[in-house]
Amino acid sequence: LETINFNINISKTDWDSFETSWDFKYHPFLNHIAEHKQNWTLEAAYKQWENEALERFNQLKSNEEELNRIFIDLYGLQDELTPEEEDKDVSVRKADQIRDVKSFLSYFIGCVFGRYSLDNEGLAYAGGEWDDAKYQTFMPNEDNVIVLTDANYFHDQRDIIQRLEEFLTVIFGKESLYQNLDFIANTLESKKFAKGVEATDIIRQYFLNDFFKKDHLKIYQKRPIYWELNSGRNQGFKALFYLHRYNQDTLAMFRSSYLHNLQEYYENTIKMRQEQMQIETDKKQIKLLNKEITKLKKQVAEIIKFDPILQHVANQSIAIDLDDGVVINHQKIQADTKILTAIR
């Protein structure tokens with residue numbers, strides 16, 4: 001009985017290390033963060049978690065094999081069964097660098113929106129009354145939005161990489177920031193990223209292209225808690241917001257504080273690049289500038305087309321009821337448009 005209870009506790013500890021558990025407290029990379037006092041690295045935190053997960057895995061496997069021996073001996077099944085278990089049949093997980101780093105980035109997004117707090121265990125906010133006192137170490141975004149762009153146009157908390165750098169600095173310290181960014185980028189790329197490509201560019205592309213559609217939807221089984229506003233294939237405007245912080249003014253806020261500002265940044269960048277082309281003599285550089293201008297013009301055109309559609313929906317001041325579930329509320333906010341990335 002003692003072994004059985006021990007196995008149950010091991011399995012529960014493993015399950016609660018992932019944010020889809022009701023009893024999730026904080027990301028496992030933070031298990032030993034207090035004792036290191038901002039003098040650690042993300043890679044070291046992962047290695048610590050890897051060792052703990054392997055120890056837990058081996059212990060559970062050993063315990064299950066011991067229970068198998070007991071039952072085989074009890075029922076005289078030595079000629080029919082063996083006590084050994086294959087790794088795939090052990091019910092807890094070993095560490096997986098790609099999965100676990102992505103889950104850390106998901107936890108970061110949760111902290112940006114205030115779902116989680118570095119100062120509190122478990123859910124800090126999932127509806128109800130907002131309490132600023134829960135957030136001291138890392139403050140969530142004041143607005144319920146984080147913009148996904150292919151460059152840092154805003155240079156403030158609206159930019160996802162700027163927020164990630166703040167998050168990593170608060171947890172691990174300033175000295176290891178670039179080392180931590182490299183570790184994330186190398187994990188996401190799997191191969192050493194190409195010469196001249198910044199770690200932040202790789203991470204930015206992950207959030208822009210893969211976070212929502214490839215990972216968040218999968219983890220939450222197509223019932224996402226963060227939703228993605230999406231202007232179209234040219235990625236003129238993409239942004240995440242947290243379902244539990246949505247209100248009837250959210251979409252109007254997107255237009256006034258984010259969409260129009262980003263359009264202005266794009267247009268200013270186009271002017272700057274055109275001026276650079278006038279004085280540039282290197283043909284390769286001229287080609288790159290021209291390519292960027294073409295892309296930005298497509299993004300501006302897409303935003304101009306998207307703006308009235310978003311305004312049409314925003315003017316309806318659509319309210320949602322969380323009790324209706326994700327699918328119904330997602331359809332309700334879409335209001336017969338395609339302003340949100342599909343969840344099916």
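In what order do the elements of the protein chain run from the N terminus on? I read the order as α-α-α-α-β-α-α-α-β-β-α-α-α. I counted ten helices and three strands in the secondary structure of the chain. Both are DSSP runs numbered from the N terminus: helices are H or I with at least four residues, strands are E with at least two.

I note that this is a predicted model, in which local features need pLDDT of at least 70 and side-chain atom pairs count only at pLDDT 80 or more, while totals for chains, interfaces and linings use all residues. Residues are numbered from 1 along each chain as its sequence is written, and side-chain values use heavy atoms, with hydrogens and water left out.

**Whole chain.** I looked up the extent of the chain: its C-alpha atoms fill a box of roughly 85 × 50 × 45 Å along the principal axes. Of the 344 residues, 46% are buried (under 20% relative accessible area, with exposed over 50% and partly exposed in between; 1.4 Å probe, protein chains only). I then turned to contacts, meaning heavy atoms within 4.5 Å. Among contacts with a separation of 6 or more, 63% join residues 24 or more positions apart.

**Charges.** I found 43 positive and 56 negative side chains, and the centres of the two sets lie 9 Å apart. Lys and Arg count as positive and Asp and Glu as negative, whereas His and the chain ends are not counted. Each charge is placed at NZ of Lys, CZ of Arg, CG of Asp or CD of Glu.

**Helix α10.** I examined residues 326-334, where Val326, Val327, Asn329, His330, Ile333 and Gln334 are buried. Their cover includes β2 (226-230), α8 (250-279) and α9 (283-314). Just after α10, I noted a positive phi of about 50° at Ala335.

**Aromatic rings.** I recorded 28 aromatic pairs in the structure. Rings of Phe, Tyr and Trp (its six-membered ring) pair if their centres lie within 6.5 Å; planes under 30 degrees apart are stacked, over 60 edge-to-face, and the rest tilted. Phe104 and Phe172 form a tilted pair, with 6.4 Å centre to centre and 55° between the planes. This pair links distant parts of the chain, 68 residues apart: Phe104 lies in α4 (97-113) and Phe172 in α5 (160-172). I found both Phe104 and Phe172 buried.

**Charges over rings.** Which ring lies under the charged end of Arg93? I found the ring of Phe18, its centre 3.8 Å away. The criterion is NZ of Lys or CZ of Arg within 6 Å of the ring centre and within 35 degrees of the ring normal.
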